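I begin with the aromatic rings and then move to the pocket, the core and the loops.

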Amino acid sequence: MCYQNHTPSIFFEMALKKPNLDITAHVDFGRFLHTQKRYDESLERLHMALQLEPKALNARAHISFVHFKLGEFEKACEWGKRAEENGGELEPGYLDDMCNR
């Protein structure tokens, strides 16, 4: 099979079909979609990760980042607080910046 014409998301989608998949793969795919400016798909994947594993590390942080990119600062603040409560990784000062806009 020739892979040179496939986008990276094809490989994520193939990997996500494997059995016994770690939840971080879903979070990583959501993060990847965010970096590709595919925000709706990113949110969908990140929320799916939380449905599969309610404590999915960094899913909430990435949901916050997507809302930030969309200019939805109130939602970014809300999800940032949830991320912090869940042990998610946020840049220093991120919550203050989001929650004081």
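**Notes on the predicted model**

1. Three aromatic pairs are counted when rings of Phe, Tyr and Trp (its six-membered ring) pair with centres within 6.5 Å, planes under 30 degrees apart counting as stacked, over 60 as edge-to-face and the rest as tilted. One of them joins F29 and F32, a stacked pair with 6.3 Å centre to centre and 15° between the planes. The model is a predicted one, in which local features need pLDDT of at least 70 and side-chain atom pairs count only at pLDDT 80 or more, while totals for chains, interfaces and linings use all residues. Residues are numbered from 1 along each chain as its sequence is written, and side-chain values use heavy atoms, with hydrogens and water left out.

2. Both F29 and F32 belong to helix 2 (residues 24–35), where they are three residues apart, about one turn of the helix; helices (H or I, at least four residues) and strands (E, at least two) are DSSP runs, numbered from the N terminus. F29 is buried at a relative accessible area of 3%, and F32, at 16%, also counts as buried, where buried means under 20% relative accessible area, exposed over 50% and partly exposed in between (1.4 Å probe, protein chains only).

3. F68 and F73 form a tilted pair, because their ring centres lie 5.8 Å apart with the planes at 55°. F68 is partly exposed, with a relative accessible area of 30%, and F73 is likewise partly exposed, at 27%.

4. Two arginines sit over rings, a charge being placed there if NZ of Lys or CZ of Arg is within 6 Å of the ring centre and within 35 degrees of the ring normal. The charged end of R101 is over the ring of F73, 4.3 Å from its centre, and R82 lies over the face of W79, at 4.2 Å from the ring centre.

5. Which residues line the largest pocket? They are T24, V27, D28, R31, L57, N58, H62, F65, E89, L90 and E91. A pocket is an open set of points on a 1 Å grid over the protein atoms alone, where a 1.4 Å probe fits, with protein on both sides within 12 Å along at least five of seven lines, and lining residues have an atom within 4 Å of a point. Helix 2 gives the most to this lining, with four residues, and helix 2 and helix 4 (59–69) each supply at least two.

6. The largest nonpolar core has twelve residues, namely I23, V27, Y39, L43, L46, A49, L50, A56, A59, I63, V66 and W79; such a core is a set of buried Ala, Val, Leu, Ile, Met, Phe, Trp, Tyr and Cys residues joined through side-chain atoms within 4.5 Å. Its largest share, five residues, comes from helix 3. In soluble globular proteins, nonpolar side chains tend to be buried together.

7. The protein chain has six helices and zero strands, and buried residues make up 38% of its 101 residues.

8. Two loop residues deserve a look. K37, in the loop between helix 2 and helix 3, has phi near 65°, a positive value in a residue other than glycine, and counts as exposed at 64% relative accessibility. N58, in the loop between helix 3 and helix 4, has phi near 75°, again positive in a residue other than glycine, but is buried, with a relative accessible area of 14%.
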